[in-house]
Amino acid sequence: MNDLLIQEATEYILGIFEGNSDGHDVNHSLRVFRNAMMIAAEEQECDMEAVALAALLHDVDDHKLFDTEDNHNARTFLKEHGFDAEQTGFICSIIESVSFSKNRGKKPSSIEAMIVQDADRLDAMGAVGIARTFAYGGKHGRSLEDSMKHFYEKLLLLKDEMNTESARRLAEERHGFLLDFVRRFENESSVGEYFS
Ligand code: NI
């Protein structure tokens, strides 16, 4: 893999995400990259460079943060680095398959897309997933109790949505931690006996 390219992609996303701290920041992308590399190392042969770049660039056109169309920010980086239309199309197709809401129940068509989708979903689980949920909720004015709903709507469903064996294993452990957290939160926050 071309280390300089990875370094430049990292610098590119640092610039793009400057000022964002709601869980969709540059550190999320770096963790997804790290997760993707861990999963890819255990899976069948895959295009590592495409996995790495798609992981790093997967949120640079996220509609919640950016007003771009057709993966404009991702395409800009790839164009500047000499990727042809076919390679660019492939990397963009991986990026497209990452979104949880847009891809419910659909299986990605390439192993590369399966890996990056799993890597992104893993980052919504475990301790990091919990921290991100409350950071996002706080930013959008939600109470802790409202943020807890997100556990049932998304986080606790992710374990069964993994594509790859290695991600499934990692997800199992993070899921256990989520369950433990939910139980403790509900115990500690229950005030019904005093205020009913
Ligand atoms: Ni993401």
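Visitor: What should I know about the model before reading values from it?

Guide: The model is predicted, so local features need pLDDT of at least 70 and side-chain atom pairs count only at pLDDT 80 or more, while totals for chains, interfaces and linings use all residues. Residues are numbered from 1 along each chain as its sequence is written, and side-chain values use heavy atoms, with hydrogens and water left out.

Visitor: Which residues coordinate the nickel ion?

Guide: Donors are N, O and S atoms within 2.8 Å of the metal (3.2 Å for Na, K and Ca), and as water is not among the atoms, sites may look incomplete. Here the nickel ion is coordinated by His-28 (NE2), His-58 (NE2), Asp-59 (OD) and Asp-120 (OD), at 2.1 to 2.6 Å. Along the chain, these donors follow the spacing H-x29-H-D-x60-D. Because His-28 lies in helix 2 and Asp-59 in the loop between helix 3 and helix 4, the pair ties together parts that are 31 residues apart in sequence; helices are DSSP runs of H or I with at least four residues, numbered from the N terminus.

Visitor: Is His-28 buried or exposed?

Guide: Buried means under 20% relative accessible area, exposed over 50%, and partly exposed in between, with a 1.4 Å probe and protein chains only. His-28 is buried, at a relative accessible area of 0%, and Asp-59 also counts as buried, at 7%.

Visitor: How many residues of helix 3 are buried?

Guide: Helix 3 (residues 48-57) has 8 of its 10 residues buried, among them Leu-53 and Leu-57. The buried residues of helix 3 pack against helix 1 (3-16), helix 2 (26-42), helix 4 (72-80), helix 5 (85-96) and helix 6 (111-122).

Visitor: Which residues touch the most other members of the largest nonpolar core?

Guide: A nonpolar core is a set of buried Ala, Val, Leu, Ile, Met, Phe, Trp, Tyr and Cys residues joined through side-chain atoms within 4.5 Å. In the largest core, of 53 residues, those touching the most other members are Leu-53, Leu-57, Phe-77, Ile-91 and Phe-151. Helix 3 gives the largest share of this core, 8 residues.

Key. Helices (H or I, at least four residues) and strands (E, at least two) are DSSP runs, numbered from the N terminus. Contact means heavy atoms within 4.5 Å.
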